[in-house]
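User: Hi! Could you walk me through the pockets in this one?
Analyst: Happy to, let's take a look together.

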Amino acid sequence: MARRVRKAVFPVAGMGTRFLPATKAIPKEMLPLVDKPLIQHAVEEARAAGIEDIIFVTSQGKSAIEDHFDISGDLNRLLEARGKREALEAVQATEIGSGKLFYTRQQQPLGLGHAVWCARELVGDEPFAVLLPDDVVLAGTPCLKQMVEAYDAVGGNVVAVVDVPREHTSRYGILDVERDDGRLASIRGLVEKPKPEDAPSTLSIIGRYILQPDVFTELDRQERGAGGEIQLTDSMARLIGRQPFHGLRFEGTRYDCGDKIGFLEANIAFALQRPDMADKVRAAIGRLL
């Protein structure tokens, strides 16, 4: 029986240069998707999947993330005194209790693999999830919850995947597929950012992973891969054949919020899901078009 996934790592040390000047003084993870920061959407997805311990891999200038999930006594008292119950409940929903929220620093920008490696002591010897807040998934059942359900059935390592245009394979980690039932693909290899002509498939990993702790042993090598960075994909690939490895085609729509157009599209999509906003958003779009 697969060991339960209780911990999640959120690599949030990036500089967010694609959103300058907005991210000059504000972490990119704090950019709002409608009325919640990107990082809150990711944390809520993790908690809905049964995650208990939240681990942020941060860098300088990320204190706003820490403050966001802390208790703001003054704000709570102000909202309560003014009778703003709905706002108070929204603020209190961001609070993560003592002993369940952890931080570690990535002091050099050496890649996603290095960021995950920085959390090794906090994760320990148990399976864990990794969520990249830039990747947002709009789904009836949260993406990570779908992955945990698949993991409970097959064990090992599970990544969320989508099909991408072949000309875009050089942007992603691409799966070399052994078997595929249309939802769950058994993997025999992984290639980080291959050229379109070299890509073994068009099935791409997005920013959701369930990994076994053995990946830290591989990350300990600190070997540089594509772009001169320590790639998580390279260490994952070395586990294939030793552990089960699957890619899950999740139900839902993924938005790349590390891209300006993707971020705008996600804001519109999430707003249209809100009963209190949908009609007004449609009317506003109509006026603009």
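**Pockets and their linings**

User: What volume does the largest pocket have?
Analyst: In this predicted model, the largest pocket has a volume of about 1300 Å³. A pocket here is an open set of points on a 1 Å grid over the protein atoms alone, where a 1.4 Å probe fits, with protein on both sides within 12 Å along at least five of seven lines; lining residues have an atom within 4 Å of a point. The volume is the space filled by probe spheres set on the points, which are joined across faces, edges and corners.

User: Now the second largest pocket: what lies nearest its centre?
Analyst: Lys-36, His-41, Glu-44, Leu-138 and Phe-270, from a lining of 22 residues. That pocket's volume is about 400 Å³.

User: Which element gives the most there?
Analyst: Helix 1 (38-48), with 6 residues.

User: And how does the lining of the second largest pocket divide?
Analyst: Into 13 nonpolar, 2 polar and 7 charged residues. Nonpolar means Ala, Val, Leu, Ile, Met, Phe, Trp, Tyr, Cys and Pro, charged means Asp, Glu, Lys and Arg, and the others, Gly among them, are polar.

Notes
Residues numbered from 1 in each chain as written. Predicted model: local features only at pLDDT ≥ 70, side-chain atom pairs only at ≥ 80, totals over all residues. Heavy atoms only, no water. Helix = DSSP H or I, 4+ residues; strand = E, 2+ residues; numbered from the N terminus.
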